[in-house]
Amino acid sequence: MDTIQNYKCPCCTAPLVFDAETQNLICESCDNTFPLETLRQMEEGNDASGGTSKYDWETYTPRDYEDTNEVTLSNYSCPSCGAEISGDDTLGSTVCPYCGNSTIVKGQFEGTLKPDYIIPFKLNKKAAMEAFEGDFRNAPFLPDSFKNKKKIEEMAGVYVPFWMFDCDCDAAVSYNAEKVTAWSDANYNYTKTDYFRLFRSGSVGFANIPVDASQKTDDAYMEAIEPYNYDDAAVFNGAYLSGYLADKYDVSAEESIDRANERVKNSTIEAFNDTTNRYTTVIPENSRVSFSNGKIRYSLLPVWMLNIKYMDKMYKFMVNGQTGKVVGEYPVDNGKKWKYFGKIAGIGYIVAAVVAYMLLH
């Protein structure tokens with residue numbers, strides 16, 4: 001026996017009644033009318049966007065780095081923050097890129113895991129310093145210590161470890177939307193609000209979604225420094241490390257999967273949101289995302305790092321070693337700020353006094 005389908009009004013949830021004259025379903029509570037086909041489409045959309053998202057990632061098997069005499073490496077450890085990084089054996093005095101400590105202990109290279117690929121540095125130290133100096137010109141009342149050339153020269157080039165995620169994504173999203181129209185006549189202003197139920201579904205392919213694989217780096221900074229141009233990615237060769245430091249990952253691929261899931265899901269929903277911009281307000285209600293062909297790779301991405309201390313606080317800055325994008329928080333020198341506003345107030349007082357004098361005479 002067929003199951004009888006009962007429909008509820010999408011607007012007020014009251015039962016809908018079939019109207020023989022119009023062949024539509026009507027709501028006697030809020031007076032809305034719905035074609036039967038529309039309600040079936042809404043039901044299918046709800047089913048598609050509901051349920052649990054499914055993620056399918058391969059298991060990553062790390063590979064040991066094999067010394068092929070591409071470059072002689074050493075290990076460097078920081079007694080202050082505990083950072084352990086690798087670098088060219090010919091590096092001179094080294095400042096810890098993570099905490100700014102100048103006492104780095106050089107040790108015997110003990111091997112590391114081999115990345116699948118690397119994006120080589122495109123900006124040398126001079127170019128990275130110029131990018132930083134160009135950025136801080138937009139920071140008002142900057143302390144003089146941030147303009148100290150000798151301090152800026154402590155900037156260190158570091159290859160930061162990332163897990164890169166590729167996948168094919170099938171998704172469905174449902175939305176509640178509003179469109180507001182306003183107009184006027186000689187007597188009144190009018191506002192009309194139309195309410196909509198939207199559904200979006202489709203497939204999206206993702207490649208090179210980066211997830212920071214180092215506990216020592218700030219995830220917010222690492223995401224802010226994006227994007228990288230992955231067309232420049234090369235098969236890993238130890239020679240790329242010459243003159244630079246390279247961090248070792250301490251966050252496993254498995255531990256990074258939840259963050260990758262979140263980034264893929266958010267990116268998918270954002271892509272679908274772009275198709276709803278003709279509405280005034282759009283609020284996602286349900287979403288379902290399923291991944292397939294999930295691949296994980298280990299990579300090194302270039303970052304210039306700089307630490308500058310001011311008023312007992314360490315300020316960290318990062319420069320994308322490929323694009324020159326600068327990320328960091330600048331402090332304010334209150335002495336400079338009050339001196340500036342005092343000067344402005346003084347000029348304003350003089351101008352007001354001159355105007356008053358001219359009006360009286």
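Modeller: In this predicted model, a nonpolar patch joins nonpolar side chains within 5 Å, taken from residues with over 30% relative accessible area and no salt bridge.

Biologist: Which residues make the nonpolar surface patch of about 340 Å²?

Modeller: One member, Y190, lies in strand 9, residues 189-212. Its relative accessible area is 30%, so Y190 is partly exposed. The patch of about 340 Å² is made by W183, Y188 and Y190.

Biologist: What is the order of the strands in the open sheet of three?

Modeller: Strand 1 (16-19) and strand 3 (33-35) are the edge strands, each pairing on one side only. Strand 2, residues 24-27, is joined to strand 3 by three bridges, and these two run antiparallel. The pairing in the sheet is antiparallel and the order is 1-2-3.

Biologist: Which residue of strand 3 is the bridge partner of N24?

Modeller: Strand 2 covers residues 24-27 and has three bridges to strand 3. In strand 3, the partner of N24 is P35.

Biologist: How many disulfides are there?

Modeller: A disulfide needs two cysteine sulfur atoms within 2.5 Å. For C96, the nearest cysteine sulfur is that of C81, 3.7 Å away, and C96 is in no disulfide. For C99, the nearest is that of C78, 3.6 Å away, and C99 is in no disulfide either. The count is zero.

Biologist: Is C99 buried or exposed?

Modeller: The cut-off for buried is under 20% relative accessible area. C99 has 19% relative accessibility, so C99 counts as buried.

Biologist: How many residues apart in sequence are the parts tied together by K149 and E133?

Modeller: The side chains of K149 and E133 meet in a salt bridge, 2.9 Å from N to O. K149 is partly exposed at 44% relative accessibility, whereas E133 is buried at 12%. Because K149 lies in helix 3 (residues 149-152) and E133 in helix 2 (residues 125-136), the pair ties together parts that are 16 residues apart.

Biologist: How far apart are the closest N and O atoms of R197 and E285?

Modeller: R197 is in strand 9 and E285 in strand 12 (residues 281-310), 88 residues apart, and the pair links distant parts of the chain. Both are partly exposed, R197 with a relative accessible area of 24% and E285 at 41%. They form a salt bridge in which the closest N and O atoms are 2.2 Å apart.

Biologist: How many salt bridges does the structure hold?

Modeller: One of them joins E154 and K151, at 2.9 Å from N to O. K216, D247 and D250 are linked in a network of salt bridges. The number of salt bridges in the structure is twelve.

Key
Residues are numbered from 1 along each chain as its sequence is written. This is a predicted model: local features need pLDDT of at least 70, side-chain atom pairs count only at pLDDT 80 or more; totals for chains, interfaces and linings use all residues. Side-chain values use heavy atoms; hydrogens and water are left out. Two strands pair if DSSP finds at least two bridges between them. Helices (H or I, at least four residues) and strands (E, at least two) are DSSP runs, numbered from the N terminus. Buried means under 20% relative accessible area, exposed over 50%, partly exposed in between (1.4 Å probe, protein chains only). Patches are made of residues with over 30% relative accessible area and no salt bridge: like charges are joined within 9 Å, nonpolar side chains (Val, Leu, Ile, Met, Phe, Trp, Tyr) within 5 Å. Accessible areas come from the Shrake-Rupley method with a 1.4 Å probe; for residues, only the protein chains shown count as cover. A salt bridge is a side-chain nitrogen of Lys or Arg within 4 Å of a carboxyl oxygen of Asp or Glu.
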